[in-house]
Amino acid sequence: MALFLPDAADADSPLKADELQVLRAQYEKEGYYVGVQTKFNYAWGLIKSGSRNEQQEGVRLLSDIFRNAPERRRECLYYLALGNYKLGNYAEARRYNDLLLDHEPANLQASSLRGLIDDKVAKEGLMGVAILSGVAIAAGVVGGMLFRGAKRR
């Protein structure tokens, strides 16, 4: 039986509030004895959320599944990568995604996510360079003004 997993773009479309509530209610109903599938479903819904707190909770739940349910590690790797990507934890996202690609080099879903991670890292790297350049220019201008003022005295 082939397992269908949507591509990375699917994570940007959150569940409707009532859909997430169904997953939450099932998770809470099972309480201390929550099943792995129920926990996974709820974590998946939280990862898709637009709320940072819910995304963090989804990553926490998936981390727990990853540690305690070896049979679900493959799915957890992808969603841990995706959740960390959405949270801006690009190094963690890349680490989980690369682990998945090490085991499944032809995984189109993980390859797609790798492209998104790489693009975001490159974009933020360029923004960081631009910010540092702006700070350096401003420091140079202020330094020049101070130097001129000291020379006049």
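1. Helix H4 is mostly covered in this predicted model: 12 of its 15 residues are buried. Those buried in H4 include Glu75, Cys76, Tyr78, Tyr79 and Asn84, as well as Leu77, Leu80, Leu82 and Leu87. Ala81, Gly83 and Tyr85 are buried too.

2. The length of H4 is in order. The helix covers residues 73-87, and at 1.5 Å a residue its 15 residues should span 21 Å; the C-alpha atoms at its ends lie 20 Å apart, so the two values agree. After H4 comes Gly88, which has a positive phi, near 85 degrees.

3. Arg72 sits in the loop between helix H3 (52-68) and H4. Its relative accessibility is 10%, and because buried means under 20%, Arg72 counts as buried. Not counting residues up to four places away in sequence, Arg72 touches Val36, Gln37, Phe40 and Ile65.

4. The largest nonpolar core has 31 residues, and Tyr42, Leu62 and Leu113 touch the most other members. At least two residues of this core come from each of helix H1 (17-30), helix H2 (36-48), H3, H4, helix H5 (90-103) and helix H6 (108-152). H4 gives the largest share of this core, 9 residues. In soluble globular proteins, nonpolar side chains tend to be buried together.

5. Tyr42 can be checked by its contacts. Leaving aside neighbours within four places in sequence, Tyr42 is in contact with Leu20, Leu23, Arg24, Tyr27 and Leu61.

Note on methods
Residues numbered from 1 in each chain as written. Predicted model: local features only at pLDDT ≥ 70, side-chain atom pairs only at ≥ 80, totals over all residues. Heavy atoms only, no water. Helix = DSSP H or I, 4+ residues; strand = E, 2+ residues; numbered from the N terminus. Expected span 1.5 Å × (residues − 1). Buried < 20%, exposed > 50% of the residue type's maximum accessible area, 1.4 Å probe, protein only. Contact = heavy atoms within 4.5 Å. Core = buried A, V, L, I, M, F, W, Y, C linked by side-chain atoms within 4.5 Å.
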